[in-house]
Amino acid sequence: MSSLEPVVFALYLLFMLGIGIYFFIRDRNGGEKTYFLGDRKMGAWVSALSAGASDMSAWVLMGLPTAVYLKGMGQVWIAVGLALGYALSWIFQAPRLRKFSVTFGDSITIPQFLSNRFLAKSHVLQIICATVFLVAYTIYAASSVKACGTLFNRITGMDSANAMYLAAAVIVGYTFLGGFSAVCWTDFFQGLLVLGAMFLAPLCAYFALEPVAPSQALTPLWENAFQWQTVVSGLAWGLGYFGMPHIIIRFMSIKSQKELRKSSVIGISWTVLIVFFAALIGIIGRHVIPYDANVAGKELVFIEMVRKIFPALISGVLLSAVLAASMSTADSQLLAASSAFSCDVYKPLIRQGKANDAELLWVGRFLVLVIALLALIIAMDPRAGTIMGLVENAWGVFGAAFGPAIMLALFWKRFNLAGAIAGILAGALVDVLWIVLLKSSTGVYELLPGFVSGLIAAVAVAFCTKKPSQEVLDLYQLAQTKGE
């Protein structure tokens with residue numbers, strides 16, 4: 001088994017790099033809009049599966065199933081919250097964000113859109129956004145790198161540190177070369193692979209594996225499943241979608257509103273299936289996988305399930321889904337953080353608008369390398385925590401900081417720059433303080449109080465400060481009525 005699985009992994013990694021090389025050659029004469037947004041030419045299927053795959057990192061194959069395996073049905077509320085939040089984001093947020101981002105300065109990043117939305121003359125908002133991006137995305141990308149290291153260590157015996165180096169090199173390789181188009185197309189193929197693996201594994205395990213005796217180390221299946229903190233915290237995960245830049249930027253890249261409607265059906269269906277099967281893997285895993293502290297501690301329920309059922313060649317393909325999930329999220333995060341700094345800080349502040357397209361592309365590529373290196377350092381630190389824990393923290397910061405500001409910018413005409421700044425700062429600050437001071441004692445996921453605080457601060461400050469100029473109000477009205 002150990003001889004075939006690494007071969008499959010190697011072929012898969014070469015395929016991903018090949019996509020990056022192809023788009024590097026094809027788009028070598030493109031500008032920043034090509035590298036960071038694919039010229040807004042993404043079709044329905046690529047946009048939908050790319051958005052989903054950039055969301056569902058290795059935590060959906062390793063972290064969430066293992067959480068359900070260990071803690072029971074209470075963790076299923078996370079899956080419910082994610083499915084609801086993602087559907088609402090596609091239905092209500094996506095159509096407006098695409099139209100508004102075009103109307104307000106043809107924005108190609110989320111910080112740029114927020115700044116252009118208010119025709120801001122200062123760059124304060126963009127600097128704040130870029131700072132939060134760099135911190136949170138580095139933590140988020142670390143979870144994906146850590147997952148790759150865990151997978152290679154378990155399957156091949158390769159040292160975890162060396163495995164993380166290898167994974168980071170491949171992810172950086174195709175992101176560095178091909179930009180947004182390469183990221184979207186690799187995510188498309190990876191999204192198909194993840195769905196296939198998550199469909200086959202639990203169903204085959206249910207029919208092929210013998211039940212095992214219940215372990216006292218596992219929380220009883222239904223214990224605390226309807227405790228209010230468990231329910232509220234699980235559902236609160238859905239709020240994260242409204243402020244997740246690497247996901248919602250896909251809405252901005254779709255070629256038309258017609259394609260966006262197709263994408264919404266595909267994207268929502270894909271995500272509902274993914275979170276359903278993630279929960280199912282954890283539930284079935286309790287009945288067919290004997291408790292092992294190493295399996296639980298390293299979040300290996302899905303991996304052990306696949307290796308028990310399938311021969312080496314098939315298990316190698318299915319376990320490549322863990323690589324797919326890890327890389328499809330990490331590449332999007334690296335690109336989003338890189339674009340935020342190069343387009344929203346370097347170009348307007350450091351170069352004062354004098355940077356040409358070629359310079360911005362190479363600055364963006366350099367930042368991809370820097371962020372990947374920082375993520376690698378975090379992932380290799382034994383104190384960094386679990387894959388699920390890293391994702392939980394980064395997800396909370398993004399949702400709390402940007403969710404209220406983006407939704408108000410899209411749906412409230414009276415919203416202003418001061419309100420957006422206040423909402424982002426308050427949401428991020430409360431989220432972090434809740435983790436440090438109150439999470440362990442309350443049992444409530446920090447995203448919920450952070451999101452509510454950000455919303456209240458944004459609305460209150462907007463009402464207490466000067467309303468937007470007539471030009472901003474007119475542009476808002478134009479964006480509302482804009483067609484394809």
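## Getting started

A residue is called buried when its relative accessible area is under 20%, exposed when the value is over 50%, and partly exposed in between, using a 1.4 Å probe and protein chains only. The model you see is predicted, so local features need pLDDT of at least 70 and side-chain atom pairs count only at pLDDT 80 or more, while totals for chains, interfaces and linings use all residues. Residues are numbered from 1 along each chain as its sequence is written, and side-chain values use heavy atoms, with hydrogens and water left out.

Helices (H or I, at least four residues) and strands (E, at least two) are DSSP runs, numbered from the N terminus. A contact means heavy atoms within 4.5 Å.

## Helix 6, an enclosed segment

Let us begin with helix 6, which covers residues 110-117. Seven of its eight residues are buried, so helix 6 is largely enclosed by the rest of the structure. Those buried residues are Ile110, Pro111, Gln112, Phe113, Leu114, Ser115 and Arg117. At the start of the helix, a side-chain oxygen of threonine 109 comes within 3.1 Å of the backbone nitrogen of glutamine 112. That pair can be read against the term polar contact: N or O atoms within 3.5 Å where, within protein, one must be able to donate a hydrogen and the other to accept it, and residues adjacent in sequence count only if both atoms are side-chain atoms. After helix 6 comes leucine 119, which has a positive phi near 50°.

Which residues does leucine 114 touch, not counting those up to four places away in sequence? They are Leu125, Cys129, Ala405, Ile406, Ala409 and Ile424. Leucine 114 sits in helix 6 and counts as buried because its relative accessibility is 0%. Its partner Cys129 also counts as buried, at 0% relative accessibility. For a sense of distance, the C-alpha atoms of leucine 114 and isoleucine 303 are 41 Å apart, and 189 residues separate the two along the chain.

Threonine 150 belongs to helix 7 (residues 124-156). With a relative accessible area of 14%, threonine 150 is buried. Setting aside residues up to four places away in sequence, threonine 150 touches Met62, Lys298 and Leu300.

Isoleucine 274 is found in helix 11 (residues 257-288) and is buried, at 0% relative accessibility. Beyond its neighbours within four places in sequence, isoleucine 274 is in contact with Met56, Val60, Val194, Leu195 and Met198. In helix 9 (residues 228-236), the buried residues are Gln229, Thr230, Val231, Ser233, Gly234 and Ala236. They pack against helix 5 (76-103), helix 17 and helix 18 (447-464).

## Charged pairs

Side chains of opposite charge can pair when their charged atoms come close. A salt bridge is a side-chain nitrogen of Lys or Arg within 4 Å of a carboxyl oxygen of Asp or Glu. How many salt bridges does a search of the whole structure find? The search finds five.

One of them links glutamate 259 and lysine 262, whose closest N and O atoms are 3.4 Å apart. These two residues are three places apart in helix 11, so about one helical turn separates them. Glutamate 259 is buried, at 14% relative accessible area, whereas lysine 262 is partly exposed at 41%. Another salt bridge joins glutamate 359 to arginine 351, at 2.7 Å from N to O. Both ends are partly exposed, glutamate 359 at 22% and arginine 351 at 29%. Arginine 383 forms a salt bridge with aspartate 381, with 3.1 Å between the closest N and O atoms. Arginine 383 is exposed at 72%, and aspartate 381 is partly exposed at 24%. Elsewhere, salt bridges with shared partners connect Glu392, Lys439 and Glu446 into one network.

## Cysteines

A disulfide is a pair of cysteine sulfur atoms within 2.5 Å. The structure holds zero disulfides. Among the cysteines, cysteine 129 is buried at 0% relative accessibility, while cysteine 204 is partly exposed at 26%.
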